[in-house]
Amino acid sequence: MRVGNMATVNQPVSLAASTAGAIDPVAQAPARNLALDGLRGIAVLAVLVYHFWPGVLPGGFLGVDLFFVLSGYLITSGLRRGARSGRFPDLRSFFSRRARRLLPAMMLVLVVSTALALLAAGQLPAGLRWQWAGAVTYTSNWMQIAQGSSYFASMEPLYFQHFWSLAVEEQFYLLWPLVLALLAWLLRSRRALAGGILVLAAASAASMAWGFDPSKDSSVLYFGTWTHGFGLLLGAAGAVLGERSGPAAVAVPRRKWTLIQLSQVLVLVAMLAGFRLLPDTSATAYRGGMALFCLLGTLLVLTLNRPGTLVHSLLSLKFLRWWGSRSCGLYLWHWPLLLLATTVFPPQAVTAAVLCTIPLVILAAELSWRFVEEPILRHGFRAAIADWHHRVADRVKRVW
């Protein structure tokens, strides 16, 4: 999943007036790259369809890999901005932002979903204690590996099984600032640094390919932080390669602009085809398929720094941005609510269970975003809690 991470602020891109023989789509790009929100929306929609109707999008699991690419790109971009200003990244502020983004939604889902399971089934799901422990310590992936859980072949899937992706991302957040600083110190130039990160990404993808055995369950490779870390690393390499040492280009030559437009369309179509054509247990997926998908995602992200293209406009649509801004809540809520619905409905009514789950997931994600995630993300824990206390006290006073 994060799931994935979901950082929100992207480096601004400005384009001045165009010159003869060149195309200048806009004079000034917004500080927030709206297309990345739309790309995040596509990622979460792919995951939802994959879990609701596996036969429709057998490769919808790749939405999590797209989350990894975006997380690696945005997190590294933020860390590198601090490094270019000549100061060591403020890790306290960095981890505070990560906590504000991830903890509120996660804790809300854990508490409410556990209460709903108790109400619906009269008992708690199997293994819930260690699933809680894995969730709050961000070690769900290793907990599931230790328990021998299967992501693909389990007859009784875990209630919080999807928290594995949040664990991988959080482990990356803990280690990457220091690793990046060390690599930047050892590899002085930007190209050398990007090359070093690409070597790590290639090693990660190679470890997954090397360890794949079609006769065995591949969940260990899928859950592993190192074996499934290439998406985060490719996104990080893209952030370093996409850095601008000076002001943005004044204008883009017409031929180059056409090439950018065409490449974006081809890459996006190839990624959408991957959602449809790359099954989750195929040898191709583990022997380079997932890594290739992440590479395509990185290339697409790098070309989206210039607004005005057809793909940029498509990904900036309000519909996709709505799903993208609420992707964390949608990802966290959909799985436990789906399992609850399949428990309440009889086995022959799977379609009815899914159709009832979809509006509940959307409603839960919207309420979580509007009343919990956004206030804390914008104002911090203390201010948000104080505001909630004031609102509740005011309502009680009016009722009294």
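**Close-up views of a predicted model**

**View 1. α14 leads the lining of the second largest pocket, with four residues.** Helices (H or I, at least four residues) are DSSP runs numbered from the N terminus. A pocket here is an open set of points on a 1 Å grid over the protein atoms alone, where a 1.4 Å probe fits, with protein on both sides within 12 Å along at least five of seven lines. Lining residues have an atom within 4 Å of a point. The space in this pocket is about 490 Å³, taken as that filled by probe spheres set on points joined across faces, edges and corners. There are 21 lining residues, and H51, P54, Y151, P157 and W335 are the closest to the centre. Two or more residues come from each of α1 (34-52), α14 (327-344) and α15 (350-379).

**View 2. Y138 has a positive phi, near 55°.** Y138 is a residue other than glycine. It sits in the loop between α4 (128-136) and α5 (140-146). Y138 is buried, at 11% relative accessible area; buried means under 20%, exposed over 50%, and partly exposed in between (1.4 Å probe, protein chains only).

**View 3. The model has zero disulfides.** The rule asks for a pair of cysteine sulfur atoms within 2.5 Å. C294 is buried, with 1% relative accessible area. C356 is partly exposed, at 38%.

**Notes.** Residues are numbered from 1 along each chain as its sequence is written, and side-chain values use heavy atoms, leaving out hydrogens and water. The model is predicted: local features need pLDDT of at least 70, side-chain atom pairs count only at pLDDT 80 or more, and totals for chains, interfaces and linings use all residues.
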